[in-house]
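Here is a short report for a reader who is new to this protein. Keep the structure in view while reading.

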Amino acid sequence: MRHTAIAAALTVGFLLTSCAGSDHDGATTSASPKATATHTTTELATPSQESAEDAVEKAKEDFEQSLKDLDDALGETLGVQEGTYSVTNSQPDYEDLAEALDDEYIAPGTYTTKGPVDPAYDCYWARMGDATGDSILANDLTSGRAIVTLKEGEFFKTSGCKPWTRSGN
């Protein structure tokens, strides 16, 4: 859509510039070539150039906003989702990749989240010694950004949080 806006702005600019040598009823101006060039430059070329420059600037702003929106959207869907994960560097080999969907493994390292999915509720996370949740090593209930460092052999549980992304070793 932004490409269409840029193309339309450039087309309008070119049309205005090409029409600069004719008056309103379509007849060509009878002035000398030098006067026509001056007339075109002073009255019509400058406004059309400004319009084209404005359109290009607007398109750049729209593009930057689209990139920001895309980044925000991807940040909401990519990463460690709600669930309980085994923290390990050695994930098992699967004969059938469908089996891998039942097991959740993540690599050791530092992970961050932007906070809760719903601002009305807090984001919960826990580092655990086992998958049952009976041996909590550390946990928190947060309403903002959170950072957690996971070690080999631990388990990680998260709920109500935006996806966690790995941010370090």
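Serine 86 stands opposite phenylalanine 155 of strand S7 in this predicted model. S1 covers residues 83–87, and S7 covers residues 155–159. The two run antiparallel and are joined by four bridges.

S1 also has a partner in strand S2, residues 105–106. Here the sense is parallel, and two bridges make the link. In general, strands of a sheet pair through backbone hydrogen bonds, and the sense can be parallel or antiparallel.

How many residues of S1 are buried? Four of its five residues are, so the rest of the structure largely encloses S1.

**The sheet**

S1 and S7 belong to an open sheet of five strands. The order is S2-S1-S7-S4-S5, with mixed pairing. Which strands form the edges? They are S2 and S5, the latter spanning 136–142, and each pairs on one side only.

**The overall layout**

The protein has three helices and eight strands. Along the sequence the pattern reads α-α-β-α-β-β-β-β-β-β-β. There are 169 residues, and 22% of them count as buried. The accessible surface comes to about 11,400 Å². Carbon and sulfur atoms hold 56% of that surface. Contacts tell about the reach of the chain. Among those between residues at least 6 apart in sequence, 66% join residues at least 24 apart.

**Salt bridges**

How many salt bridges does the structure hold? It holds two. In general terms, side chains of opposite charge can pair when their charged atoms come close.

Aspartate 62 and lysine 58 form one of them, at 2.9 Å from N to O. Both residues sit in helix H2, residues 33–77. They are four residues apart, about one turn of the helix. Aspartate 62 is partly exposed, at 23% relative accessible area. Lysine 58 is partly exposed too, at 46%.

Glutamate 154 and arginine 127 also meet in a salt bridge, at 2.6 Å from N to O. This pair links distant parts of the chain, 27 residues apart. Glutamate 154 lies in the loop between strand S6 (146–150) and S7, while arginine 127 lies in strand S4 (residues 123–128). S4 is also a member of the five-stranded sheet.

**The aromatic pair**

A search of the whole structure finds one aromatic pair. Its members are phenylalanine 156 and tryptophan 164. Their ring centres lie 5.2 Å apart, and the planes stand at 90°, so the pair is edge-to-face. Phenylalanine 156 is buried, with 1% relative accessible area. Tryptophan 164 counts as buried at 1% relative accessibility.

**Accessibility of the paired residues**

| Residue | Relative accessible area | State |
|---|---|---|
| Aspartate 62 | 23% | partly exposed |
| Lysine 58 | 46% | partly exposed |
| Phenylalanine 156 | 1% | buried |
| Tryptophan 164 | 1% | buried |

How values were computed: Residues are numbered from 1 along each chain as its sequence is written. This is a predicted model: local features need pLDDT of at least 70, side-chain atom pairs count only at pLDDT 80 or more; totals for chains, interfaces and linings use all residues. Side-chain values use heavy atoms; hydrogens and water are left out. Buried means under 20% relative accessible area, exposed over 50%, partly exposed in between (1.4 Å probe, protein chains only). Two strands pair if DSSP finds at least two bridges between them. A salt bridge is a side-chain nitrogen of Lys or Arg within 4 Å of a carboxyl oxygen of Asp or Glu. Contact means heavy atoms within 4.5 Å. Accessible areas come from the Shrake-Rupley method with a 1.4 Å probe; for residues, only the protein chains shown count as cover. Rings of Phe, Tyr and Trp (its six-membered ring) pair if their centres lie within 6.5 Å; planes under 30 degrees apart count as stacked, over 60 as edge-to-face and the rest as tilted.
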